[in-house]
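Hi everyone, thanks for coming.

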Amino acid sequence: MKSGDRATDWRHWTIAITGMNARPDNPGPGMAVARCLREYSGFRGRLIGLGYDALDAGLYDDSCDQSHLLPYPSMGEESLRDRLEEIQGLCPIDAIIPCLDSELTNFQRLLPALDSWGIATLLPSHRSLAARGKDRLPSLCAATGMATPETRAINDPGFFDSCQDSGWSFPLMIKGLYYDAQVVHHPAEARMVTHRIAGQWGYPILVQQFVPGHEINLTAVCDDSGTLLAPVMMRKRAITDKGKAWAGITIDDDELRAMAQTLSTHLTWRGPLEVEALRGEDGRLYLVELNPRFPSWIYLSHGVQRNLPALLLSLMAGERLPFAPTPRTGTLFIRHAQEVIVDLERLAAMSTTGTHPQRHPRA
């Protein structure tokens, strides 16, 4: 199973990328990561798209050479191991970049198997992953001296019937443990949103006090010692109804950079991360989330010549890291929706066999 003949130059590797879902209001990061690598100067390798649903648009995008379905993360690491073993038999993979929060624990548990198959990764430890969980955000901030909106995990929508008696005031943020978030303004709306999110992601649901202000985000890669490398920061300029960035502009914020370095050092973080923070109207910086992967806006890093997926591969390969110029502030990204044309045969092949080859093989 182990390839044993992986090229020393990662630019010739076969790289698998997850998170190929691309819903316009809440896209996964996979297609943006693939785009960063496909457009990186000197890249001559192959990209393998990995998704969870036959209607994930990225599975059919021409950025990838092949695509395969994986079992849903709720099926556990053994199902993932069996499927990856099948895929490795079809097209030996040199590296994997997981891009979804919900799958990270399974991939982390499979590290020995992935290593034995010759598949490179750079993932945070199990301890680090657990410590950054959304339900543990208050303890993480208490340990690092950071401000964060008051947050509580609940398992019963009845909480909203009397929450105002215990000091919780509307509006509130309702969040799933892995994904989804929505601002609610009264108890009936809070119960409805809780049922919706719990129906998809289960309990607990996180209730967070709404803090007025504007959101600023940072993404970077960390080495084995938790050192923050080549951070890229942006301020959201337009969002979807799920609060996801539809447009953003690069910024340079020393306090946000210091927050990210403190977190990565405290957690000895390894691999990609995204820090979501809020600059409150009171002037304070609040930590909102720490995500264990690249964000869906990662293509902006390529746009400012700090191609972070390429930097991650350089770390995996043990190469000298490429020069990362200072990002020019004021660089804007604006997202748009795009149709991917798929013939019925390809959809049928993906639905029935969980795999399909590239439609137009690269030269």
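**A short tour, strand by strand**

Let's start with strand β11, residues 245-251, which is mostly covered, as five of its seven residues are buried. By buried I mean under 20% relative accessible area, while exposed is over 50% and partly exposed lies in between, with a 1.4 Å probe and protein chains only. Strands here are DSSP runs of E with at least two residues, helices are runs of H or I with at least four, and both are numbered from the N terminus.

Before I go on, please keep in mind that this is a predicted model: local features need pLDDT of at least 70, side-chain atom pairs count only at pLDDT 80 or more, and totals for chains, interfaces and linings use all residues. Residues are numbered from 1 along each chain as its sequence is written, and side-chain values use heavy atoms, with hydrogens and water left out.

Back to β11. What does it pair with? Strand β10, residues 228-239, joins β11 in the antiparallel sense over six bridges; two strands count as paired if DSSP finds at least two bridges between them. Met-233 has Ile-251 of β11 as its bridge partner. β10 and β11 make a hairpin with five residues between them, and in the turn Gly-243 has a positive phi of about 80°. β11 also pairs with β14, again antiparallel, over three bridges, and there Gly-248 stands opposite Phe-333 of β14.

A second hairpin comes from β12 and β13, with four residues between the strands and Gly-283 at a positive phi near 90°. Strand β12, residues 271-280, runs antiparallel to β13 and is joined to it by six bridges. Arg-279 has Leu-285 in β13 as its bridge partner. And is β13 enclosed or open? Seven of the seven residues of β13, 285-291, are buried, so the strand is largely enclosed by the rest of the structure.

**Two open sheets**

As a reminder, strands of a sheet pair through backbone hydrogen bonds, either parallel or antiparallel.

The sheet I'd show you now is open, has five strands in the order β4-β1-β2-β3-β15, and has mixed pairing. At its edges stand β4 (95-97) and β15 (355-357), each with a single partner strand, so one side of each is left without a neighbour in the sheet. From one strand to the next, the twist averages 20°; for angles like this, axes are lines fitted to C-alpha atoms, for helices over the stretch in contact, and the angles run from 0 to 180 degrees between N-to-C directions. Helix α1, residues 30-38, packs on this sheet and touches β1 (14-17), β2 (46-51) and β4, with its direction at about 160° to that of β1. Contact means heavy atoms within 4.5 Å. Helix α11, residues 308-317, lies across β1 and β4 and runs at about 140° to β4. Towards β15, strand β3 (residues 66-69) pairs with it antiparallel over three bridges, and His-68 stands opposite Thr-355 of β15.

The other open sheet has four strands in the order β5-β8-β6-β7, with antiparallel pairing. Its edge strands are β5 (151-154) and β7 (181-184), and each pairs on one side only. Here the twist averages 25° from one strand to the next. β6, residues 172-175, pairs with β7 over four bridges in the antiparallel sense, with Ile-174 opposite Gln-182 of β7.

Helix α8 lies across β6, β7 and β8 (205-209), at about 170° to β7. Which helix holds Ile-197? Ile-197 sits in α8, residues 187-201, and is buried, with a relative accessible area of 0%. Leaving out residues up to four places away in sequence, Ile-197 touches Ile-174, Lys-175, Gly-176, Tyr-179, Asp-180, Gly-202 and Ile-205.

**One more stop**

Finally, α1 comes back: with four residues, α1 gives the most to the lining of the second largest pocket. α10 (299-303) and β14 (332-334) each supply at least two residues of that lining as well.
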